[in-house]
Amino acid sequence: MAVIADALPFAYEFPVAKTALIVIDMQRDFLEPGGFGETLGNDVGRLARIIPGVVSLLRVARAAGMPIIHTRENHAPDLSDCPPAKRNRGNPSLRIGDPGPMGRILVRGEPGADIVESVAALPGEIVLDKPGKGAFYATDLQNILQSLGITHLLFAGVTTEVCVQTTIREANDRGYECLLIEDATESYFASFKSATLDMIRAQGGIVGWTATIDALSRALHT
Ligand code: TIU
């Protein structure tokens with residue numbers, strides 16, 4: 001067992017061979033101008049600052065031999081997997097499926113739906129397309145994790161309170177021991193990120209744990 005002694009709310013023990021890293025939706029559509037995040041009115045520049053952290057985290061997880069799953073929120077070109085409620089909500093400058101500067105917004109195969117190059121999947125890593133916020137909804141994730149014998153999940157990516165938190169909650173209900181890497185996740189709203197970290201680890205880790213990349217790295221090297 002490896003142990004992150006200074007995880008919050010208390011030490012996180014994890015069997016390295018049964019632990020996977022899930023990196024949520026590090027896509028151009030969320031991190032770069034002209035994509036889905038910006039159409040919703042967000043300052044997408046906020047998210048770019050975790051890219052170096054995600055790069056470091058991937059290096060740590062790869063060195064430890066952990067399975068790595070990269071998710072992408074996207075939809076089929078015919079939008080058959082996009083509920084009208086999702087497409088029609090609010091007053092975005094472009095809706096899902098509309099043509100934008102990085103191709104059709106949040107559509108599978110379009111440049112905007114790609115993971116940003118510096119944190120892209122390496123050969124052998126899993127890339128999981130998902131139509132919802134949670135990575136378990138309408139995907140094969142549970143089967144993939146069970147076939148790998150995974151019991152513990154480390155999480156990173158964007159946005160903290162939307163797709164990351166939804167997926168952590170889904171994973172928690174499925175019995176996984178979940179830890180969110182604090183400096184490898186970001187939100188368009190600083191207060192939402194900090195509230196999400198607080199919510200996850202409140203009440204004795206009601207949903208899971210949080211820790212830094214450095215604390216994870218130290219746990220893997222002792
Ligand atoms: N809008 C927002 O904060 N997030 C999303 O729509 N998707 C993800 O979090 N990936």
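Cys-163 has a backbone N or O atom 3.2 Å from an oxygen atom of the ligand, a polar contact in the sense of a pair of N or O atoms within 3.5 Å; within protein, one must be able to donate a hydrogen and the other to accept it, and residues adjacent in sequence count only if both atoms are side-chain atoms. Of the ligand's 280 Å² exposed when taken alone, the protein buries 92%; the areas are Shrake-Rupley values with a 1.4 Å probe, and for residues only the protein chains shown count as cover.

This is a predicted model, where local features need pLDDT of at least 70 and side-chain atom pairs count only at pLDDT 80 or more, while totals for chains, interfaces and linings use all residues. Residues are numbered from 1 along each chain as its sequence is written, and side-chain values use heavy atoms, with hydrogens and water left out.

Back to the ligand. The side chain of Lys-133 places an N or O atom 3.2 Å from a ligand oxygen. A polar backbone atom of Val-158 is 3.3 Å from a ligand nitrogen. The residues around the ligand, meaning those with a heavy atom within 4 Å of it, include Asp-25, Glu-73, Thr-159 and Tyr-188. That shell divides into seven nonpolar, one polar and three charged residues. Here Ala, Val, Leu, Ile, Met, Phe, Trp, Tyr, Cys and Pro count as nonpolar, Asp, Glu, Lys and Arg as charged, and the others, Gly among them, as polar.

Two of these shell residues have backbone features to point out. The peptide bond from Val-158 to Thr-159 is cis, with omega near -15 degrees. Thr-159 belongs to the loop between E8 and helix H7 (160-173); helices (H or I, at least four residues) and strands (E, at least two) are DSSP runs, numbered from the N terminus. Asp-25 is not a glycine, yet has a positive phi of about 55 degrees. For background, most residues other than glycine have a negative phi, and most peptide bonds are trans. Asp-25 is in the loop between strand E3 (19-24) and helix H1 (28-31). Its relative accessible area is 0%, so Asp-25 is buried, where buried means under 20%, exposed over 50% and partly exposed in between, with a 1.4 Å probe and protein chains only.

Last, Thr-185. What does its side chain contact? There is a polar contact of 2.9 Å with the side chain of Thr-160, and a polar side-chain atom of Thr-185 lies 2.8 Å from the backbone oxygen of Gly-157. Thr-185 is in strand E9 (residues 177-186) and is buried, at 0% relative accessible area.
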